[in-house]
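Hi everyone, thanks for coming. Today I'd like to walk you through one structure, so please have a look at it first.

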Amino acid sequence: MAGDQAIRMALFGPPGVGKGTQAVLVENAEGIAHISTGDALRKAVADGTEVGLKAKAYMDRGELVPDDVVIAIALDSIGREGRSGFILDGFPRTVAQADALDKALAELGTPLALVVNLQAPEDELVRRLSGRRVCARCGVNYHIESKPPAVPGKCDQCGGDVIQREDDRPEAIRNRLRVYEEKTAPVISYYAGNSVLRNVDASGAADMVFERVEAVLKTVNGQSVR
Ligand code: AMP
């Protein structure tokens with residue numbers, strides 16, 4: 001069972017706002033499990049599992065994968081890895097997912113302590129997404145302007161091929177932003193009546209955004225979230 005010291009939080013925000021980048025920074029700083037439904041789904045696609053085969057077409061188009069599939073993945077990961085705290089990255093993305101998460105955590109007696117809502121202007125989101133590149137082998141992110149690999153097209157960490165995600169192409173980006181407004185933004189209202197929600201300005205460099213995230217992590221309503 002998660003102890004009182006465990007941090008249980010979710011990172012929320014539109015595609016391209018930097019959830020993955022910030023989640024890795026929090027994971028390293030706080031030593032908690034980083035649970036990314038997007039990473040889990042990409043792994044399922046790469047492994048050719050049944051879930052992966054089902055999810056791929058949705059992901060390539062920038063659509064949401066059906067709730068039942070994603071809820072099962074997220075709750076399973078929380079059960080396996082989240083005992084001493086976790087940061088959810090890209091989950092929940094619909095009100096049904098938020099509801100399922102709340103119910104599961106309430107049953108465990110370990111509710112979310114914090115939902116960080118990352119915010120940035122839309123033109124910055126589009127710039128980040130369209131310039132993003134990723135290592136096809138180890139998943140490390142690059143950006144053609146702000147963080148290019150030392151050798152073009154090759155990963156600095158593992159030498160794998162650095163590619164553009166199918167869903168970072170212009171048509172899919174437009175679709176993801178539309179889907180976010182329609183299906184995911186309403187989750188903010190779901191949490192708005194709840195004191196765990198905190199807005200964080202996610203524009204600018206990743207280390208500056210991380211300082212803002214750490215600041216809210218330290219105190220929620222004057223109380224430590226640990
Ligand atoms: P991400 O890496 O978080 O941007 O996720 C990539 C893609 O995986 C999304 O565009 C969706 O197709 C799918 N996905 C990830 N998380 C979820 C979720 N919580 N609900 C539905 N689909 C998801």
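**Around the ligand**

Let's start with the shell around the ligand: its residues divide into six nonpolar, four polar and six charged. Here Ala, Val, Leu, Ile, Met, Phe, Trp, Tyr, Cys and Pro count as nonpolar, Asp, Glu, Lys and Arg as charged, and the others, Gly among them, as polar. Before we go on, please keep in mind that this is a predicted model: local features need pLDDT of at least 70, side-chain atom pairs count only at pLDDT 80 or more, and totals for chains, interfaces and linings use all residues. Residues are numbered from 1 along each chain as its sequence is written, and side-chain values use heavy atoms, with hydrogens and water left out.

Which residues come nearest to the ligand? Of the 16 around it, they are Thr 37, Arg 42, Glu 63, Gly 90 and Arg 93; a residue is near if one of its heavy atoms lies within 4 Å. Helix H2, residues 37-47, gives the largest share of the shell, four residues. Helices are DSSP runs of H or I with at least four residues, strands are runs of E with at least two, and both are numbered from the N terminus.

Now some distances. In the side chain of Arg 93, an N or O atom is 2.9 Å from a nitrogen atom of the ligand. For Gln 97, a side-chain N or O atom is also 2.9 Å from a ligand nitrogen. With Arg 176, the ligand atom is an oxygen, 3.4 Å from an N or O atom of the side chain. The protein covers 95% of the 480 Å² of accessible area that the ligand has on its own (Shrake-Rupley method, 1.4 Å probe).

Arg 176 comes back in our next stop: it is in contact (heavy atoms within 4.5 Å) with Asp 167. Where is Asp 167? Look in the loop between strand S7 (162-163) and helix H7 (170-184). Asp 167 is buried, with a relative accessible area of 11%; buried means under 20%, with a 1.4 Å probe and protein chains only.

Finally, the largest nonpolar core has 28 residues, and Phe 86 and Leu 88 are among those with the most contacts inside it. Such a core is a set of buried Ala, Val, Leu, Ile, Met, Phe, Trp, Tyr and Cys residues joined through side-chain atoms within 4.5 Å. Helix H4 gives the largest share of this core, six residues.

How values were computed:
Buried means under 20% relative accessible area, exposed over 50%, partly exposed in between (1.4 Å probe, protein chains only). A polar contact is a pair of N or O atoms within 3.5 Å; within protein, one must be able to donate a hydrogen and the other to accept it, and residues adjacent in sequence count only if both atoms are side-chain atoms. Lists of a residue's contacts leave out its neighbours within four places in sequence.
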